[in-house]
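Colleague: Could you walk me through this structure and say what stands behind each term you use?

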Amino acid sequence: MSEELNKELENEVTEEVKEAAPMETMEDYAAELEASYKTLNQRHIEITEEESGQGAKWAQFAQMMEDRTVVKVKIAEAVKGGVVTSLEEVRAFIPASQLSTEYVEKLEDWQGKYVEAVIITVDPEKKRLVLSGREVEKEKKEAQKKERMAQFKAGDVVEGTVDSIKPYGAFIKLDDGVDGLLHISQISTQRIKHPSAVLTEGQTVKVKILSAQEGKLSLSMKVLAEQQADKEEHETFDYKETGSVSTGLGDLLKGLKL
């Protein structure tokens with residue numbers, strides 16, 4: 001085959017390849033890059049919006065902790081050391097010691113129950129949210145105690161029950177959650193070495209409130225005993241004469257039946 005014929009065949013094959021596979025231009029690359037950037041930008045927007053929403057939520061938790069906002073949550077499950085719940089779709093933990101003011105024996109008994117709680121720990125980096133039901137319960141009991149305490153004033157004479165005896169005195173229970181101290185020096189008019197010489201636990205006693213300050217009651221049995229003794233000492237009796245006295249024989253014989 002002649003050299004001229006070979007060149008002619010090569011030219012024809014080259015032309016056919018060009019027609020079958022058109023060459024890519026810079027416009028084609030630009031369109032592809034634009035599509036890629038659009039996808040990346042959309043993903044970045046989605047991530048930013050998600051992170052922004054989570055950030056706002058954790059900022060809200062921090063504010064709620066500062067304001068001591070009370071929330072009502074449902075216990076989902078019991079785990080080691082506490083229970084798990086959720087707040088605003090964020091997993092939260094309540095330690096066993098923070099469930100109640102009372103001792104919690106079985107965490108499983110709390111599953112499915114609703115608890116009023118406050119936030120005590122907010123850690124966005126570690127995604128750690130810790131709540132406390134004990135704090136809410138404690139504040140409620142303190143408020144109730146203050147309300148009951150308001151009923152007792154200095155000078156009042158009330159009855160109570162000896163709740164416990166200590167070397168320095170006895171605690172007298174006056175109402176649910178309200179007690180006062182009966183100091184050893186205020187138990188008796190006589191000097192005693194130990195409160196148990198006069199008192200026993202469960203005994204009902206009458207006391208006078210000496211002071212009621214800062215949620216503490218100071219009581220006295222001694223003052224009542226002294227007041228009673230003073231009253232008896234100064235108590236007088238009025239004698240009214242209803243008859244007449246006579247030494248006459250006629251008066252003496254009057255009323256006698258012969």
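Modeller: Gladly! Gly169 stands opposite His183 in β9. This is a predicted model, where local features need pLDDT of at least 70, side-chain atom pairs count only at pLDDT 80 or more, and totals for chains, interfaces and linings use all residues. Residues are numbered from 1 along each chain as its sequence is written, and side-chain values use heavy atoms, with hydrogens and water left out.

Colleague: What makes β9 a strand, and why are β8 and β9 said to pair?

Modeller: Strands are DSSP runs of E with at least two residues, numbered from the N terminus (helices are runs of H or I with at least four); β9 covers residues 178-183. Two strands pair if DSSP finds at least two bridges between them, and β8 (residues 169-175) and β9 have 6, so they pair, running antiparallel. They form a hairpin with 2 residues between them, and Gly177 in the turn has a positive phi of about 85°.

Colleague: Which side chains of β9 are buried?

Modeller: Val178, Gly180 and Leu182 point to one face and are buried, which means under 20% relative accessible area with a 1.4 Å probe, protein chains only.

Colleague: What does Leu87 touch?

Modeller: Leu87 touches Phe61, Met64, Val71, Val73, Ile119 and Leu129, not counting residues up to four places away in sequence; contact means heavy atoms within 4.5 Å.

Notes: Buried means under 20% relative accessible area, exposed over 50%, partly exposed in between (1.4 Å probe, protein chains only).
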